[in-house]
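Please brief me on this protein chain.

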Amino acid sequence: MKIRALLDANCVALIAVLAACGGSEVEGDSTAAAGVDTLPLSVPAPEVQDGLLIVSPERVWEWRETGTEFVLVDARDAVQYEREHIVGAINLPYVEIRAGGLLPPRDQRIVVYCSSETCPISQYAYEALDQLGYEEIYDMRAGLQGWKDAGLPTVFGADSTSASR
């Protein structure tokens with residue numbers, strides 16, 4: 001019986017909150033007239049997996065094409081980076097991030113990636129950057145393989161002018 005009374009009280013409280021937040025419309029009053037803030041339909045909510053903000057290769061490419069500022073971090077080791085990496089990426093291996101090596105400014109948007117969706121290095125790099133106080137971090141979980149699968153350009157070797165698609 002106490003549980004039923006508690007549930008009834010919670011329902012009443014929920015109805016009161018909904019009414020206070022505009023849950024019911026008064027005749028002649030619309031949300032537009034009331035000045036309710038809404039997001040445009042073109043702003044997608046970020047995907048979250050395992051507590052990390054996930055970004056797709058296509059979104060990273062869009063940021064690049066529209067001039068959105070971000071630092072693209074290849075968290076793999078130097079040998080893998082020199083073999084092939086994403087155009088414009090800097091090589092900042094996870095072990096260097098963890099050690100607090102030469103890092104981008106903390107107010108920068110950071111996108112980390114590794115080899116593929118099954119590679120955990122970008123997740124480790126994300127978590128290390130988070131512990132160091134970075135606030136806008138994204139994990140391009142699809143990695144280099146997902147980037148290539150999307151038909152986006154990569155660089156072979158240390159020469160950043162040798163892009164391929």
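Buried means under 20% relative accessible area, exposed means over 50%, and partly exposed lies in between, with a 1.4 Å probe and protein chains only. The model is predicted, so local features need pLDDT of at least 70 and side-chain atom pairs count only at pLDDT 80 or more, while totals for chains, interfaces and linings use all residues. Residues are numbered from 1 along each chain as its sequence is written, and side-chain values use heavy atoms, with hydrogens and water left out.

**Overall make-up**

- The protein chain has seven helices and nine strands. These are DSSP runs numbered from the N terminus: helices are H or I with at least four residues, strands are E with at least two.
- The chain has 165 residues, and 30% of them count as buried.
- Its accessible surface comes to about 10,500 Å². Carbon and sulfur atoms account for 55% of that surface. The areas come from the Shrake-Rupley method with a 1.4 Å probe; for residues, only the protein chains shown count as cover.
- Contact means heavy atoms within 4.5 Å. Among contacts between residues at least 6 apart in sequence, 63% join residues at least 24 apart.

**Aromatic pairs**

- Rings of Phe, Tyr and Trp (its six-membered ring) pair if their centres lie within 6.5 Å; planes under 30 degrees apart count as stacked, over 60 as edge-to-face and the rest as tilted.
- The whole structure holds four aromatic pairs.
- Trp 63 and Tyr 138 make an edge-to-face pair, 5.1 Å centre to centre with 70 degrees between the planes. Trp 63 sits in helix α3 (residues 57-66) and Tyr 138 in strand β7 (residues 137-139), so the pair links parts of the chain 75 residues apart.
- Both partners are buried: Trp 63 has a relative accessible area of 10%, and Tyr 138 is at 13%.
- Tyr 94 and Tyr 124 make a tilted pair, 5.6 Å centre to centre with 50 degrees between the planes. Tyr 94 lies in helix α5 (residues 94-98) and Tyr 124 in helix α6 (residues 121-131), so the pair ties together parts 30 residues apart in sequence.
- Tyr 94 is buried at 18%, whereas Tyr 124 is partly exposed at 39%.
- Trp 63, Phe 70 and Tyr 138 are linked into a cluster by ring pairs.
- Arg 109 lies over the face of Trp 63, 4.3 Å from the ring centre. A charge sits over a ring if NZ of Lys or CZ of Arg is within 6 Å of the ring centre and within 35 degrees of the ring normal.

**Helix α3**

- Pro 57, Val 60 and Trp 63 are the buried residues of α3. They cover an arc of only 120 degrees around the axis, so they lie on the same side of α3. The arc is that of the directions from the helix axis to the C-beta atoms.
- An α-helix has 3.6 residues a turn, so residues three or four places apart point the same way.
- Glu 65 and Thr 66 are exposed on the other side of α3.
- The buried residues of α3 pack against β3 (71-74), β6 (110-113), β7 and α7 (143-149).

**Nonpolar cores**

- A nonpolar core is a set of buried Ala, Val, Leu, Ile, Met, Phe, Trp, Tyr and Cys residues joined through side-chain atoms within 4.5 Å.
- The largest core has 16 residues. Val 73, Ile 97, Ile 110, Val 112, Ala 125 and Leu 129 touch the most other members.
- β2 (52-54), β3, α5, β6 and α6 each give two or more residues to this core. α6 gives the most, with four residues.
- A second, separate core of 15 residues includes Val 60, Val 111, Leu 144 and Trp 147.
- Beyond its neighbours within four places in sequence, Ile 110 contacts residues including Val 71, Val 73, Leu 129 and Tyr 138.

- Asp 139 is in strand β7. Its relative accessibility is 0%, so Asp 139 counts as buried.
- Leaving out residues up to four places away in sequence, Asp 139 touches residues including Leu 52, Val 112, Ser 122 and Tyr 126.
- Arg 76 is in the loop between β3 and α4 (78-83).
- Not counting residues up to four places away in sequence, Arg 76 touches residues including Tyr 81, Glu 84, His 85 and Leu 144.
- The C-alpha atoms of Arg 76 and Val 95 are separated by 9.1 Å, and these residues are 19 apart along the chain.
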